[in-house]
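Subject: Structure handover

Hello,

The structure is placed below for your own work. My notes on its sheets and pockets follow it.

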Amino acid sequence: MDYHAPRVRVRFAPSPTGALHLGGLRTALFNYFFARKHEGVFVLRIEDTDQARFTPEAEENILSGLLWAGVEPDEGPEQGGRYKPYRQSERLLLYAVYAQRLVDEGHAYYAFDTPEEIAAMRKRFATKENPSPKYDASTRGEMANSLALPPAEVCRRLDRGDEHVIRMKVEPGERIAFEDRIRGPISFASEDIDDQVLIKSDGMPTYHLAHVVDDRTMWITHVIRGEEWLSSTPKHLLLYRYLGWEAPEMAHMPLIMNPGGKGKLSKRHAQANGLPVTVEQCRDAGYEPEAVVNFLARLGWNPGDDQALLSLDDMAERFSLDRVGGGGVQFDVDKLGWFNQQFLRTLSVGGLLGRAAKWGGTDFYTRKEHWERIVALMQSRVAFARDLPETCMYLFPDPEFDPDTYDERSVEKRWAPDSADLLSAYADRLGELQDFGAEQTETTLRALAEDRGVGAARIIHPVRLALSGVSGGPSLFAMMGVLGQEACARRIRKAVGALGLRLLTPDFPE
RNA sequence: GCCGCGUUCGUCUAGGGGUCCAGGACGCCGGCCUUUCACGCCGGUAACACGGGUUCAAAUCCCGUACGCGGUACCA
């Protein structure tokens with residue numbers, strides 16, 4: 001590490017307009033990783049300058065989403081920090097001061113045009129080649145601003161309190177170039193940049209002014225954000241220059257696209273396809289945070305080897321902007337599911353039980369021992385911790401579970417004409433066992449099969465069906481051990497009663 | 001329209017002039033294991049967008065085209 005380099009400071013700067021989006025979490029993650037990797041600081045800043053789209057619950061939702069994912073800001077509205085406040089609405093004075101400075105130094109100007117007047121201008125100058133003219137050097141002379149109006153008129157309007165905005169003054173004829181940490185050299189012609197509004201007529205700054213002022217005053221060293229910001233970067237660079245500040249490093253991440261590749265991942269599209277699109281939805285759908293984080297991080301970034309499963313710490317340690325690609329990436333929900341399942345399998349029995357217990361629905365704690373035996377049997381068979389109770393209810397002894405329906409397809413496949421007879425005999429022998437361990441029940445079953453001259457499977461399958469009602473599941477003998485002697489015998493006899501009639505079906509397939 | 005950024009198996013990606021008739025992972029298909037279902041293991045399917053250059057040699061460099069995405073707001 002270079003001891004003379006300033007400490008790395010990065011930020012995640014969402015706007016509180018709704019729930020934390022997965023794309024937002026991913027941006028936060030990349031910033032977080034970068035900070036951890038370089039022993040830097042990760043800042044959360046709330047960009048609440050859009051009063052029209054402001055949503056009161058959003059900030060809480062964003063923070064809780066980050067915490068759920070294991071990403072804790074080092075500085076932020078809740079955590080505090082020496083560069084507070086961390087909400088833009090609380091830093092208004094700062095933006096006003098710098099905006100004034102830009103005006104005073106000739107890099108910004110007052111504009112009195114109403115939205116209607118601007119729309120009229122666009123219409124007036126519109127051509128086939130340029131359907132949407134900008135408010136820039138080529139048009140500002142025609143508009144009502146402090147560059148075009150006589151100074152006295154400007155003063156009069158200002159004194160009178162006319163609504164106005166402050167726009168940055170962009171001079172044409174320059175190439176604004178920078179090195180993007182992900183994409184390499186990038187440049188824009190200054191005449192393609194408009195005289196961006198810096199202070200809105202409601203007195204609020206726009207994102208462009210606010211984030212530059214904040215990034216500077218919070219000493220942000222690296223701006224890692226979504227690709228949608230790439231084309232406004234030259235404006236930001238100009239602002240840094242106007243203010244006499246050194247710009248931070250820039251890195252624009254590829255966007256997450258809808259499955260199929262059409263457009264960036266949207267709530268609308270996701271909803272139509274039953275996909276989670278917010279952190280909240282992921283949580284509610286039963287995904288584990290570790291899996292979501294792992295999945296999201298690997299969208300656009302790779303650790304440089306074939307390692308797919310990584311913990312938050314692993315990723316933070318291995319993260320590098322050099323290994324982030326430039327192309328958009330599609331959201332693949334199957335892969336998310338795979339990460340979830342993989343993660344569940346890395347858990348200890350107690351760990352998985354804990355994850356399942358979060359969902360409630362059954363008394364995991366008073367029956368902890370029983371549950372642990374079940375979880376051990378089910379771990380490789382469950383894709384979501386939440387599904388655990390439902391998928392293995394048959395591992396509870398009567399009367400909590402007592403099969404009264406038998407999966408029809410399994411019955412057809414596994415219940416044979418001799419099943420009732422074999423199972424009755426097996427139940428009889430089970431009743432005589434002193435020790436009901438897996439070894440004993442299995443030996444007993446195989447001995448019976450031998451006595452009757454049939455394969456063990458001829459008994460095993462119908463017994464499984466009798467015990468669980470279905471044809472899949474954990475090892476039969478392990479299952480019997482969990483259920484206990486009495487429940488097993490009772491269920492077997494019950495099935496014999498319920499399914500024994502099948503004997504009479506003449507064309508039952510062998 | 002204009003500006004910018006992208007483009008390797010269906011998806012996420014490795015690869016940065018020769019070691020690539022392109023490697024891994026997910027998915028899918030097949031097999032093994034096995035009392036079932038899973039897990040695991042083994043194998044298979046499948047890609048350098050297109051066209052020109054540069055070079056002894058290009059997935060890799062350059063140019064063009066196509067396509068995709070983003071931006072083009074007093075939203076972020």
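Three strands form an open sheet in the order 3-4-7, with antiparallel pairing (two strands pair if DSSP finds at least two bridges between them; strands are DSSP runs of E of at least two residues and helices are runs of H or I of at least four, both numbered from the N terminus). Its edge strands, each pairing on one side only, are strand 3 (108-111) and strand 7 (197-199). From one strand to the next the twist averages 45° (axes are lines fitted to C-alpha atoms, and angles run from 0 to 180 degrees between N-to-C directions). Strand 4 (residues 165-168) is joined to strand 7 by 2 bridges, and Arg167 has Val197 of strand 7 as its bridge partner.

This is a predicted model: local features need pLDDT of at least 70 and side-chain atom pairs count only at pLDDT 80 or more, while totals for chains, interfaces and linings use all residues. Residues are numbered from 1 along each chain as its sequence is written, chains are lettered from A and ligands numbered from 1 in the order in which they are written, and side-chain values use heavy atoms, with hydrogens and water left out.

Strands 8 and 9 run parallel and are joined by 5 bridges; Gly226 stands opposite Met253 in strand 9. With helix 7, these two strands make a right-handed β-α-β unit (with the strands pointing away from the viewer, the path from the first strand over the helix to the second runs clockwise).

Now the pockets. A pocket here is an open set of points on a 1 Å grid over the protein atoms alone where a 1.4 Å probe fits, with protein on both sides within 12 Å along at least five of seven lines; lining residues have an atom within 4 Å of a point.

The largest pocket holds about 1100 Å³ of space (the space filled by probe spheres set on the points). Its lining has 36 residues, and Pro14, Ser15, Gly24, Glu228 and Trp229 lie nearest the centre. Helix 1 gives the most to this lining, with 5 residues.

The second largest pocket has about 610 Å³ and is lined by 25 residues, with Pro6, Ile220, Thr221, Pro248 and Glu249 nearest its centre. Strand 5 (175-180), helix 6 (207-217), helix 7 (233-242) and strand 9 (249-253) each give two or more residues to that lining.

Regards
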